[in-house]
Amino acid sequence: MVSQTETTVALITGASRGIGKAVALRLAKKNIEVILNGRTKEPLEAVREQILSSGGRARVEIADLADLEQVVALAERIGDVDILVNNAASPEKYISVLADEDEHWSKTTNILMWAPVRLTRILARGMRERKTGVIVNITSVNSQFHAPYLAPYCMSKAALETFTRCAAMELAPHGVRINAVAPGIIHTELTEELLGDMLNHLQGVIPAGRAGKPDEVASLVEYLCSEDAAYINGAVYNMDGGMILGNFSQAQKRAAEVE
């Protein structure tokens, strides 16, 4: 982790379920106060109660990251943090690049790209002043697959990885580290909602033969936030069961056409 004190604080966006929840539970076990962000209070409160019952510290901050004004208000409201995990996901759907879907494009790019950028820009200022801080961006192997019918999603994730590297170069001399984790298919509620019956087909073309688990991703995030990772900066880690080694984008295309 960053050098821990009694006031070490981590903000995790999209913390109500899936990867975000798993990250929050892991960091809380390290005596870090976690700020749980999401759009809906009830599931976040459930995660908070789980953390509190285990002796950890947590609080809930509601903000819809599709609304960039709420993003700025969130950052200003919480003040300084030592760790930022940009994890919030956007409900995705398969659309053609030719479709008139401006609202979908705006919502997707706001949540997946502009919200992490704005949170980083605001919260990293305090990290820079204190000469310490860690940021982990959750991207996707789809930043590299350039899958058809997923242009808003793929573009946003690719842009976030580029931003990760640029920001890491700029902030490294000030003691701030920024890395990214690029999961493949991870078995979460959101994945099931997006893929439905396609999930079984796509798992079949992953060399590992299965989807990943949220806690497996959280373990890597935990490591990147630790002092053991102090010399890692500007890196993007694929965590995909080997799927990037194969022709997975074509499998996605066929699955989408079948759907």
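Which helices each supply at least two residues of the lining of the largest cavity? They are α4 (102-130) and α6 (151-171), and the legends below come back to them.

This is a predicted model, where local features need pLDDT of at least 70, side-chain atom pairs count only at pLDDT 80 or more, and totals for chains, interfaces and linings use all residues. Residues are numbered from 1 along each chain as its sequence is written, and side-chain values use heavy atoms, with hydrogens and water left out.

**View 1. The whole protein chain.** Here you have ten helices and seven strands; helices (H or I, at least four residues) and strands (E, at least two) are DSSP runs, numbered from the N terminus. Of the 259 residues, 52% count as buried, where buried means under 20% relative accessible area, exposed over 50%, and partly exposed in between (1.4 Å probe, protein chains only). Take the contacts (heavy atoms within 4.5 Å) between residues at least 6 apart in sequence: 73% of them join residues at least 24 apart. The chain exposes about 11,900 Å², with carbon and sulfur atoms supplying 49% of it; these areas come from the Shrake-Rupley method with a 1.4 Å probe.

View 2. A cavity is a set of points, on a 1 Å grid over the protein atoms alone, where a 1.4 Å probe fits but cannot get out, and lining residues have an atom within 4 Å of a point. The lining residues include T13, L65, I111, A115, K157 and L160. Helix α4 gives the largest share, four residues. By class, the lining has eight nonpolar, three polar and one charged residues. For that tally, Ala, Val, Leu, Ile, Met, Phe, Trp, Tyr, Cys and Pro count as nonpolar, Asp, Glu, Lys and Arg as charged, and the others, Gly among them, as polar.

**View 3. Strand β2 and its partner β1.** Look at β2 (residues 33-38): six of its six residues are buried. E33, I35 and N37 point one way, while V34, L36 and G38 point the other way. Strand β1 (residues 9-12) runs parallel to β2, and four bridges join the two; strands pair if DSSP finds at least two bridges between them. One of the bridges links V9 to E33.

**View 4. Q70 on helix α3.** Q70 sits in α3 (residues 68-78) and counts as partly exposed because its relative accessibility is 33%. Leaving out residues up to four places away in sequence, Q70 touches A63 and D64. From Q70 to A115 is 45 residues in sequence and 9.4 Å in space, C-alpha to C-alpha.

View 5. T139 lies in the loop between β5 and α5 (142-145). T139 counts as buried because its relative accessible area is 3%. Its contacts, not counting residues up to four places away in sequence, include K157, L160, A180 and V236.

View 6. The buried residues of α9 (residues 214-224) include P214, V217, L220 and L224. The buried residues of α9 pack against α1 (18-28), β4 (83-86), β5 (133-138), β6 (176-183) and β7 (236-239). S226 is in the loop between α9 and β7, and with 12% relative accessibility S226 counts as buried. S226 and L27 are 199 residues apart in sequence, yet 10.0 Å apart in space, C-alpha to C-alpha.

Notes. 1 Å grid on protein atoms, 1.4 Å probe; cavity = no way out; pocket = protein on both sides within 12 Å on 5 of 7 lines; lining within 4 Å.
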